[in-house]
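Please keep the sequence and the coordinates at hand while reading.

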Amino acid sequence: MSGKLDLKRFLSGNAVILVFVLISAAAIPASKLSGTYIVQEMLTRIGRNSFLVLALLLPIYAGMGLNFGMTLGAMAGQLGLICAVNWGITGVEGLAFAALIGMPISIALGYVCGSILNKAKGREMVTGYMLGFFINGVYQFTVLYFMGMVIPIRNASILLSRGFGIRNTLNLESVRQSLDLLWSLKAGPYVLPMSTYLVLAALCVFIVWFRRTKLGQDMRAVGFDMGVAEAAGIPVDRTRVIAIVISTVLACFGQIIFLQNMGNMATYNAHDQTSFFAVAALLVGGASVKKATIPNVFIGVVLLHVLFVVSPRAGQNLFGSAQIGEYFRQFIGYGVIALSLVLYATRERREAAALRASTYGAGRKAAAAGGSV
Amino acid sequence: MNATTAKRKLKPADLAIRIGLVVLYFLLLALVYTRGRTHTLLLDNKELDGGRLPAFEDVLVSVNGAEPIELYAEDRDLVTLKGQSHRIVLESAADGRKIEKRITLPIGEDMLLLSLPKLAAGEEGAIEVFVPLDAAPPAEDEALPEELGATEMPAEPAPGAAPSEAPPAQ
């Protein structure tokens, strides 16, 4: 009986990750891609995407759910990269410059986002998502009209032919893979971007250290129960704003790392799905709205991207169209978020029902015991 | 009220740290800007002042120890350089003369022209700002009107929409 319950709990607790493992296990042979190719892709994609996913952890610790508002940080990072390309700053210095330009913008946006989320407690995820759309409008207005018209742009090659507004696609050749290639290691058939891994390791160490600080403990207390934290004298709103600000700044850096690996930037929509893919990866890794760990990040990035790599080829081989694999990839991405949120809500409801039953059950038993005396 | 009081009671040490962070931020910004700024340098091997400074017949130019570039008289080539200070080595193929110079590029300029005869002679002004013809700013009166942006990309009529002009009378 207990074994059955344990298995049930394990299955319900790891449903998303198990579904993904099963789908990947079926799709890998169907894709007919070599193991070496898939492993190399994973090694590259871990470096490219993990920073963005790690940026989601702090708001979860603070009980604010999945920070869809990280798009704001991504936009700040893109503005930094536009400035770096505009002023002709290349290589790692170009990335550092972009990060330095993006940092104050993302702090300001994070502060705005955190303050708004404090007014929408309990509905942080949808509010953050909507806020992303709003700031996207401001970003587009800035980049499409202000740049070249109000903000001077000296590099004519990045301007639209009309003389203002940035081109749809920005060539990041000047900073392309400058972090990845700063120190890369060749191990057999694989190339490891060690410098990017070092940056990721530093961020992981920072997160572990931060959790142990006073502020980190406060954040976890706020995430556990805001009422109790408030009663204990923790400045709840301020702590939540700090969590969002740090997350937004990390998202800014993460987007810069992501785009330097890609080598070009879709100026007007590169940030659109940043939060979506980061959230999907974290949930695939076994995290939930309330609980996430560093291993969840890496498991999720690997599992999600294995499917991203193999699904178009599997679609091509199975159905004769790579487009089917692309559709598959899209609906799996959205589906996993939906499945995870539904499972989380179901579990919450079940736990609440169990708590209610145990409370009332205990009360009834006590009443029955009292009556019989 | 409490927040205001807290702001007023900011400790001098905290204030100093905050000011220090802002200063550090701008220092870092300046550092990465100067170290990462890329310039295009045109290596120009042309005679100057009617032959007062003759061009090298055949010269090898190495910038920062990189693979040398061979230039004949009246040749011009370009290199892309990062940062401000660079070491240039000229090696004349005719007489085997080797000249080593250090140049400093002005930070704000994208494209510069380095006259090799002037550099070899040690004269001032070997580096000049170079403005390509197609990148020269348009004259004030030739500036495009803002409205042109809209006329460049006319809105496409919706499918099935009525034509904007009436058809000619039959």
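Two residues are in contact if their C-beta atoms, placed from the backbone, lie within 7 Å. The model is predicted: local features need pLDDT of at least 70, side-chain atom pairs count only at pLDDT 80 or more, and totals for chains, interfaces and linings use all residues. Residues are numbered from 1 along each chain as its sequence is written, while chains are lettered from A and ligands numbered from 1 in the order in which they are written.

**Asn261(A) and its surroundings**

Leaving aside neighbours within four places in sequence, Asn261(A) is in contact with Gly47(A), Arg48(A), Gln177(A) and Asp180(A). Asn261(A) belongs to helix α11 of chain A; helices (H or I, at least four residues) and strands (E, at least two) are DSSP runs, numbered from the N terminus. A residue is buried if 20 or more other C-beta atoms lie within 10 Å of its own, exposed if 12 or fewer, and partly exposed in between, with C-beta atoms placed from the backbone. Asn261(A) counts as buried because it has 20 C-beta neighbours inside 10 Å. Between the C-alpha atoms of Asn261(A) and Thr293(A), which are 32 residues apart along the chain, the separation is 25 Å.

**Nonpolar cores**

A nonpolar core is a set of buried Ala, Val, Leu, Ile, Met, Phe, Trp, Tyr and Cys residues joined through C-beta atoms within 7 Å. The largest such core has 103 residues, of which Leu56(A), Leu282(A) and Val284(A) touch the most other members. Helix α11 (residues 236-262) of chain A supplies the largest share of this core, 15 residues. A second, separate core has 14 residues, including Val59(B), Leu71(B), Ile88(B) and Ala120(B). Residues up to four places away in sequence aside, the contacts of Leu56(A) include Leu66(A), Met70(A), Ser247(A) and Leu282(A).

**A bent helix in chain A**

Helix α6 (residues 91-119) of chain A has 29 residues and spans 41 Å from its first C-alpha to its last, close to the expected 42 Å. The expected span is 1.5 Å times one less than the number of residues. At Met103(A), α6(A) bends by about 30°, and Pro104(A) follows within four residues; the bend is the angle between axes fitted to the seven residues ending at a residue and the seven starting there.

**Strands**

Chain B has four helices and eight strands. Two strands pair if DSSP finds at least two bridges between them.

| Strands | Sense | Bridges |
|---|---|---|
| β1 (residues 38-45) and β4 (residues 75-82) of chain B | antiparallel | eight bridges |
| β1(B) and β7 (residues 111-115) of chain B | parallel | five bridges |
| β2 (residues 184-187) and β3 (residues 190-193) of chain A | antiparallel | four bridges |

In chain A, Ala187(A) has Tyr190(A) in β3(A) as its bridge partner. The hairpin of β2(A) and β3(A) has two residues between the strands, and Gly188(A) there takes a positive phi near 65°.

Most residues other than glycine have a negative phi. Lys32(A), not a glycine, has a positive phi of about 60° and lies in the loop between α2 (15-31) and α3 (35-54) of chain A. Asp49(B), also not a glycine, has a positive phi of about 55° and lies in the loop between β1 and β2 (58-63) of chain B. Lys32(A) is exposed because 11 other C-beta atoms lie within 10 Å, and Asp49(B) is exposed because 10 do.
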